[in-house]
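Let's take a friendly walk through the side-chain contacts of this model.

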Amino acid sequence: MLVLYQGYREDEGLHLESDADEQLLIYIPFNQVVKIHSIVINGPEEEGPKTVKLFANREHMGFSNVNDFPPSDVAVLSEDNLKGKPVILKYVKFQNVRSLTIFIEENQSGSEISKVQKIALFGSTAQALLPFGLWSCKHGSSSYEPVDWVETTDMKGLKKIEDH
């Protein structure tokens, strides 16, 4: 898996590009089980992805068999999505994800080359939210500690968790 250092992440000159046609197949394994609620896929206006099929926990997929399996979700990206607006996923389909396969079926213009500038996944590890409250891992620690439960549906009401 490729992770770019800060400073390179926002460089629009860096991109992933298809080579034979407009299709791309990207496999992302995770070190632990995750829950994914949304995804951002940035790309240029003309060559950016349009139809994107997402497959949770499907290994050993190739271009020859990608259409043999039903996708966990399908996204049709708009110009706003290509500029950073997240696509909300069918959350129930992405609860216990060990790997994610992203199939870019076509791009915005129908040209032979598709380009992806950034992929960002939003969610949590399966251990981050436990049944009886919020848990936090302090910077530099490998263990989780309970945090006071916050009763709110308003994001502004959440308090920042600070290291002590």
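Lys 83 and Glu 79 form a salt bridge, their closest N and O atoms being 3.1 Å apart. The term covers a side-chain nitrogen of Lys or Arg within 4 Å of a carboxyl oxygen of Asp or Glu. Lys 83 is exposed, at 61% relative accessible area, while Glu 79 is partly exposed at 41%. Here buried stands for under 20% relative accessible area, exposed for over 50%, and partly exposed for what lies in between (1.4 Å probe, protein chains only).

A word on the ground rules: this is a predicted model, in which local features need pLDDT of at least 70 and side-chain atom pairs count only at pLDDT 80 or more, whereas totals for chains, interfaces and linings use all residues. Residues are numbered from 1 along each chain as its sequence is written, and side-chain values use heavy atoms, with hydrogens and water left out.

By the salt-bridge rule the count comes to three, and here they are together:

| Salt bridge | Closest N to O |
|---|---|
| Lys 83 and Glu 79 | 3.1 Å |
| Lys 53 and Glu 105 | 3.4 Å |

Glu 47 sits in the loop between β2 and β3 and Lys 115 in strand β7 (residues 115-116), so this pair ties together parts that are 68 residues apart in sequence. Strands are DSSP runs of E with at least two residues, numbered from the N terminus. Glu 47 is partly exposed, with 23% relative accessibility.

Lys 53 belongs to strand β3 and Glu 105 to strand β6, so their bridge joins parts that are 52 residues apart in sequence. Lys 53 is buried at 18% relative accessible area, and Glu 105 is partly exposed at 23%.

What about the rings? A search of the whole structure finds one aromatic pair. Phe 63 and Phe 103 are edge-to-face, at 6.4 Å centre to centre and 65 degrees between the planes. For such a pair, the ring centres of Phe, Tyr or Trp (its six-membered ring) lie within 6.5 Å; planes under 30 degrees apart count as stacked, over 60 as edge-to-face and the rest as tilted. Phe 63 is partly exposed at 48% relative accessible area, whereas Phe 103 is buried at 1%.

Finally, the largest nonpolar core has 21 residues, of which Leu 54, Phe 94 and Ile 102 touch the most other members. β2 (24-42), β3 (49-56) and β6 (97-107) each supply at least two of its residues, and β2 gives the most, with seven. Such a core is a set of buried Ala, Val, Leu, Ile, Met, Phe, Trp, Tyr and Cys residues joined through side-chain atoms within 4.5 Å.

Key. Helix = DSSP H or I, 4+ residues; strand = E, 2+ residues; numbered from the N terminus.
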